[in-house]
Amino acid sequence: MQKFTNKCGDIEINEQVITGICGICVGECYGIVGMASRSLKDGIVRLLLRDNITKGIAVSIEGDHINIEFHIIIEYGTKISAVTDNLMNTIRYKLKEMLDVKVGLIKIFVEGVRLDT
């Protein structure tokens, strides 16, 4: 839980809320096909469906800032650095505007490339 205090009182934000906002932002970013889930057993990466988009995201709260980890699958032919820069900038902006939280470290793992046919 992220806790804040303002003139109106105390506010607590659950990590699942932050994860949900991040999942929606991922869906809006150009070049990202979806979130990835990695099976620890055999290292197989699979594309998650729309209802599971938050499972490829890990949020940790350290002090006054939030660290976020993404596991994504990108579209073939897109520039990986442009897609990841766009995702990082979008996440920082949206979380600042919606929740007024500080985003610390953002880690993005590109787990695969998908060719849409």
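User: In what sense do β6 and β7 pair, and over how many bridges?
Analyst: β6 and β7 pair in the parallel sense, over 10 bridges. Two strands pair if DSSP finds at least two bridges between them. Strands (E, at least two residues) are DSSP runs, numbered from the N terminus.

User: What kind of model is this?
Analyst: This is a predicted model: local features need pLDDT of at least 70, side-chain atom pairs count only at pLDDT 80 or more, and totals for chains, interfaces and linings use all residues. Residues are numbered from 1 along each chain as its sequence is written, and side-chain values use heavy atoms, with hydrogens and water left out.

User: What stands opposite H71 in β7?
Analyst: F109 does.

User: Which side chain does the side chain of E111 make a polar contact with?
Analyst: That of H71, at 2.6 Å. A polar contact is a pair of N or O atoms within 3.5 Å; within protein, one must be able to donate a hydrogen and the other to accept it, and residues adjacent in sequence count only if both atoms are side-chain atoms.

User: Is E111 buried or exposed?
Analyst: E111 is buried, with a relative accessible area of 18%. Buried means under 20% relative accessible area, exposed over 50%, partly exposed in between (1.4 Å probe, protein chains only).

User: How does β5 run relative to β6?
Analyst: Antiparallel, with six bridges joining them. The hairpin has two residues between the strands, and G63 takes a positive phi near 65°.

Conventions:
Helix = DSSP H or I, 4+ residues; strand = E, 2+ residues; numbered from the N terminus.
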